[in-house]
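Visitor: I am new to this structure and would like to go through it by question and answer. Please show it first.

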Amino acid sequence: MSPTKLSTVVLDAHDAQELAGFYRRLLGYVVRAADGGWVLIGPPPGTAGTSLAFETEPAYVPPAWPSREPGEQQMMLHLDIEVDDLAAETERAVAEGARLAEYQPQDDVRVLLDPAGHPFCLWTQVTL
């Protein structure tokens, strides 16, 4: 087995502090480190989960999702966040500053855009 492991996903934004605050509130994470235009957040101590970091990028261009025009900044990745109550958590995410994406491809998933325009999905397990 490889001695390497994925520890953090980094998202660029015009304002790293603002975007970190959004995800900190949404996920119940804590700030682990911050330095000017860079912020690292993660699960509270003793809790498992992947950390997120945010970097201020003055030339940041929000992705287009779904991509409509050739040459538009395309989504390179998105975060999938599992929730127990899709409707309630969608409402809470919007209250925190997200906006519901116009295109919704599945009934058990809600695609939202964070304050910097990154798509992310809230999803719930479907029991058959």
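Visitor: Which residues in helix α2 are buried?
Guide: This is a predicted model, and α2 covers residues 86-96. Buried means under 20% relative accessible area. In α2 the residues listed as buried are Leu-86, Thr-90 and Ala-93.

Visitor: Why do these residues count as being on the same side of α2?
Guide: The residues in question are Leu-86, Thr-90 and Ala-93. They lie on the same side of α2 because the arc they cover around the axis is only 65°.

Visitor: Which exposed residues does the face of α2 turned away from its buried side carry?
Guide: The buried residues of α2 pack against α1 (16-27), β6, β7 and β8. The face turned away from that buried side carries exposed residues. They are Ala-87, Glu-91 and Ala-95.

Visitor: Which residue caps the N-terminal end of α2?
Guide: After the helix comes Gly-97, with a positive phi near 130°. At the N-terminal end, a side-chain oxygen of the capping residue lies 3.3 Å from the backbone nitrogen of Ala-87. That cap is Asp-85.

Visitor: Which residue in β4 is the bridge partner of Val-9?
Guide: β1 and β4 are parallel and share 6 bridges. Within β4, the bridge partner of Val-9 is Leu-52.

Visitor: Which element gives the most residues to the largest nonpolar core?
Guide: This core has 25 residues, and among those touching the most other members are Leu-19, Tyr-23 and Phe-120. Two or more residues come from each of β1 (8-13), α1, β3 (38-42), β4 (51-56), β5 (79-82), α2 and β8. With 6 residues, the element that gives the most is α1.

Visitor: Is strand β7 mostly covered or uncovered?
Guide: β7 runs over residues 109-113. Of its 5 residues, 4 are buried. That makes β7 mostly covered.

Visitor: Which residue stands opposite Leu-113 of β7?
Guide: Strand β6 (residues 99-100) and β7 run antiparallel and are joined by 2 bridges. Opposite Leu-113 stands Arg-99.

Visitor: Which residue in the turn between β7 and β8 has a positive phi?
Guide: β7 and β8 (residues 119-123) run antiparallel, with 5 bridges between them. One of the pairs is Arg-110 with Leu-122. The two strands form a hairpin with 5 residues between them, and the turn residue with a positive phi, about 95°, is Gly-117.

Visitor: Does Gln-125 count as buried or exposed?
Guide: Gln-125 is in the segment after β8. Exposed means over 50% relative accessible area. Since its relative accessibility is 52%, Gln-125 counts as exposed.

Notes
Residues numbered from 1 in each chain as written. Predicted model: local features only at pLDDT ≥ 70, side-chain atom pairs only at ≥ 80, totals over all residues. Heavy atoms only, no water. Buried < 20%, exposed > 50% of the residue type's maximum accessible area, 1.4 Å probe, protein only. Pairing = 2+ DSSP bridges. Arc of directions from axis to C-beta. Contact = heavy atoms within 4.5 Å. Polar contact = N/O pair within 3.5 Å; in protein donor to acceptor, adjacent residues only side chain to side chain. Core = buried A, V, L, I, M, F, W, Y, C linked by side-chain atoms within 4.5 Å.
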